[in-house]
Amino acid sequence: MTLPARIRRIAGLGRAVFTTSLGLEDQVLTSLIATTGAELRIVTLDTGRLFAKTVALIEETQQRYGIDIEIFRPWKEEVDGYVALYGLNGFYDSVEARHACCHARKLRPLARALDKAEIWVTGLRRGQSGNRANAPLAEWDADRGLLKVNPLADQSLDTLRARASSDQVPLNPLHAKGYPSIGCEPCTRAIKPGEPERAGRWWWEQDERRECGLHLSASVSGSRATPPGAGQPKVTMQGPRAHSAPASAS
């Protein structure tokens, strides 16, 4: 199935929200959504610590495709509470403090962005890290009670780079400076030759499987939506139409 066909199918499954971090994968997805006319809301999380080039790319992308990207920001009182407890840059001091920062600046805004959504579309790709090596095209997110779809899960970085070039997709200029994965400015560095794509994220931590928590279970990342009841549908994107079958959440 082609990528445009996947996007159209996702849009037909229900209320879908695509969360973009403005990286290469997400920009390609934004281009596909805009050019196919698929009815997906596009949202982004402005943590307040993004690179200026990332913030500028939001407006550039909106103008390029004539779309609206909804921006969700952390609540001031939650950030103030974090700073009072850990300090502005306390995330350097411990994994606990870093997770707390991600929780306030990312997970809490994400919960608002996905409110009433039935489908969460992401730019996860298996080649991004070992932690994502088995990312499926679609899975049930039991914590949030919705279908999570990763339409680029099986795509290679080279394939997406070629598509971005041929479709003239606007990209973050930091990609050309050694930043294949771009998050908050204090938590992202350029990678060194031979390093994995996400080695520049939270580089001071030793866990090679480190994540911000957006794509981890509630037991690892902190609070999430209340888990739904058992027997939620499991959906595959492989056949001529998406098939549903009873499956326990896992």
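1. W202 is placed in the loop between α6 and α7 (218-221), where helices (H or I, at least four residues) and strands (E, at least two) are DSSP runs numbered from the N terminus. W202 is buried, with a relative accessible area of 1%; buried here means under 20% relative accessible area, exposed means over 50%, and partly exposed lies in between (1.4 Å probe, protein chains only). The phi of W202 is near 50°, a positive value in a residue other than glycine. Most residues other than glycine have a negative phi.

2. On the basis of these values: this is a predicted model, in which local features need pLDDT of at least 70 and side-chain atom pairs count only at pLDDT 80 or more, while totals for chains, interfaces and linings use all residues. Residues are numbered from 1 along each chain as its sequence is written, and side-chain values use heavy atoms, with hydrogens and water left out.

3. L22 also has a positive phi, near 70°, in a residue other than glycine. L22 lies in the loop between β1 and α2, and L22 is buried, with a relative accessible area of 2%.

4. For the overall picture, the protein has 7 helices and 8 strands, and 50% of its 250 residues count as buried. Among contacts (heavy atoms within 4.5 Å) with a separation of 6 or more, 68% are between residues 24 or more positions apart.

5. Which residues have the most contacts inside the largest nonpolar core? They are I7, I10, F18, L40, I119 and V121, in a core of 32 residues; such a core is a set of buried Ala, Val, Leu, Ile, Met, Phe, Trp, Tyr and Cys residues joined through side-chain atoms within 4.5 Å. At least two residues of this core come from each of α1 (3-11), β1 (16-20), α2 (24-36), α3 (52-65), β4 (119-121), β5 (138-141), β6 (146-149) and α6 (157-166). The element that gives the most to this core is α2, with 5 residues. A second, separate core of 10 residues includes F72, L114, A117 and W120.

6. The axes of α1 and α2 are 10 Å apart and the two helices pack at an angle of about 70°, axes being lines fitted to C-alpha atoms, for helices over the stretch in contact, with angles running from 0 to 180 degrees between N-to-C directions. The helices α1 and α2 are therefore roughly perpendicular to each other, given that angles under 35 degrees count as roughly parallel, over 145 as roughly antiparallel, 65 to 115 as roughly perpendicular and the rest as oblique. On the α1 side the contact is made by L3, P4, I7 and R8, and on the α2 side by L29, L32, I33 and T36. These residues divide into 6 nonpolar, 1 polar and 1 charged, where Ala, Val, Leu, Ile, Met, Phe, Trp, Tyr, Cys and Pro count as nonpolar, Asp, Glu, Lys and Arg as charged, and the others, Gly among them, as polar. Leaving aside its neighbours within four places in sequence, I7 is in contact with L29, L32, I33, T36, A38, L40 and P151.

7. Helix α4 (residues 76-86) and helix α5 (residues 95-113) have axes that come within 10 Å and cross at roughly 170°, and α4 and α5 are therefore roughly antiparallel to each other. In this pairing E78, V79, Y82 and Y86 of α4 meet E96, A97, A100, C101, A104, R105 and R108 of α5. The residues of the contact of α4 with α5 divide into 7 nonpolar, no polar and 4 charged.

8. T19 lies in strand β1 and is buried, with a relative accessible area of 13%. Its side chain makes a polar contact with the side chain of W120 (2.8 Å), a polar contact being a pair of N or O atoms within 3.5 Å, of which, within protein, one must be able to donate a hydrogen and the other to accept it, and for which residues adjacent in sequence count only if both atoms are side-chain atoms. Leaving aside neighbours within four places in sequence, T19 is in contact with D26, V43, L110, L114, W120 and V121.

9. G14, in the loop between α1 and β1, is partly exposed, with a relative accessible area of 23%. G14 touches E118 and I119, not counting residues up to four places away in sequence.
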